[in-house]
Structure formats: structure tokens, C-alpha cells
Amino acid sequence: MIETLRQNLTISLPISRVRLIMKSSPDVSSINQDALFLTTKATELFVQHLALSSFNNGSGRETNTLSYSDLANAAEETEIFHFLTDILPKKILARDYLETLEQMQEEDADY
């Protein structure tokens, strides 16, 4: 029981980086150590949840890998991760983008 508690209290993310990100906000003047620890732990748990969800629903399950496309699909297809679609957009080939751009320009020219 104590070992499980210790594992839950340990964190993997560097606290100094989380502090730096938090201080980058103009609204933050000082950061309480407890708040910093809790924010770091919550961030770690969120990233773990995102990775596990992406892995379990992704294509890399057979090869035991997690890819960017798995993360992008999770962001697009899972409602709780939908806010990440701007950060994790689906990758498209340049030729597909250029074709889409041409179609949009043709549609604009028709009007």
C-alpha cells in the first residue's frame, strides 16, 4: 500500500519545465509548490491517458508502437480530446493539399 502511494506521488515530468510554462502566463506572479506539484502530476496523468487511448484505438497495437497518426486520430475521433485537433492535426501529403487548394481556388473563381 505504501509503495503504491509512493508511486502515485512520484512524477516523471520535470517540475522546472512546468514552472517555466506556468510562469509564461502574464496572469501568474507566483506559484505555490503544492499547486506546481499537482499541476505537474495532472499533466502527467493527462498525457498518459491520451497515449493509452491513442494506443488502444490506434493502428500501432499490432506492432506495439504509438505514432503521431494515432494521436491525431484520437484527437479527432474522441470527444474528450477534440480540443487538441488544432495542436494534433492529421497529416496530409503535399500533393493532396495542393489539389485541395486548387479546388478551393476554382470554386472561388466561379463566384
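How much accessible surface does the protein have, and what share of that surface belongs to carbon and sulfur atoms? About 9100 Å², with 56% on carbon and sulfur; the areas come from the Shrake-Rupley method with a 1.4 Å probe, and for residues only the protein chains shown count as cover.

Some ground rules before the points. This is a predicted model, where local features need pLDDT of at least 70 and side-chain atom pairs count only at pLDDT 80 or more, while totals for chains, interfaces and linings use all residues. Residues are numbered from 1 along each chain as its sequence is written, and side-chain values use heavy atoms, leaving out hydrogens and water.

1. Fold content. You're looking at five helices and zero strands, in the order α-α-α-α-α from the N terminus. Helices here are DSSP runs of H or I with at least four residues, strands are E runs of at least two, and both are numbered from the N terminus.

2. Overall dimensions. The radius of gyration is 20 Å, whereas a compact globule of 111 residues would sit near 13 Å (taken over C-alpha atoms; the globule rule is 2.2 Å times the number of residues to the power 0.38). Along the principal axes, the C-alpha atoms fill a box of roughly 65 × 45 × 20 Å.

3. Burial and core. Buried residues come to 17% of the 111 (buried is under 20% relative accessible area, exposed over 50%, partly exposed in between, with a 1.4 Å probe and protein chains only). The largest nonpolar core has six residues: Leu50, Ala74, Ala75, Phe81, Leu84 and Leu88. Such a core is a set of buried Ala, Val, Leu, Ile, Met, Phe, Trp, Tyr and Cys residues joined through side-chain atoms within 4.5 Å.

4. Around Leu50 and α4. Setting aside residues up to four places away in sequence, Leu50 touches Leu71, Phe81 and Leu84 (contact means heavy atoms within 4.5 Å). Helix α4 (residues 68-77) has Asp70, Ala72, Ala74 and Ala75 buried, and α3 (33-57) is included in what covers them.

5. Phe55. This residue lies in helix α3. Phe37 is 18 residues from Phe55 in sequence and 27 Å away in space, C-alpha to C-alpha. Beyond neighbours within four places, Phe55 is in contact with Gly60, Arg61, Asn64, Thr65 and Leu66.

6. Asn64. One to check by eye: Asn64 isn't a glycine, yet has a positive phi of about 60°. Asn64 lies in the loop between α3 and α4 and is exposed, at 62% relative accessible area.
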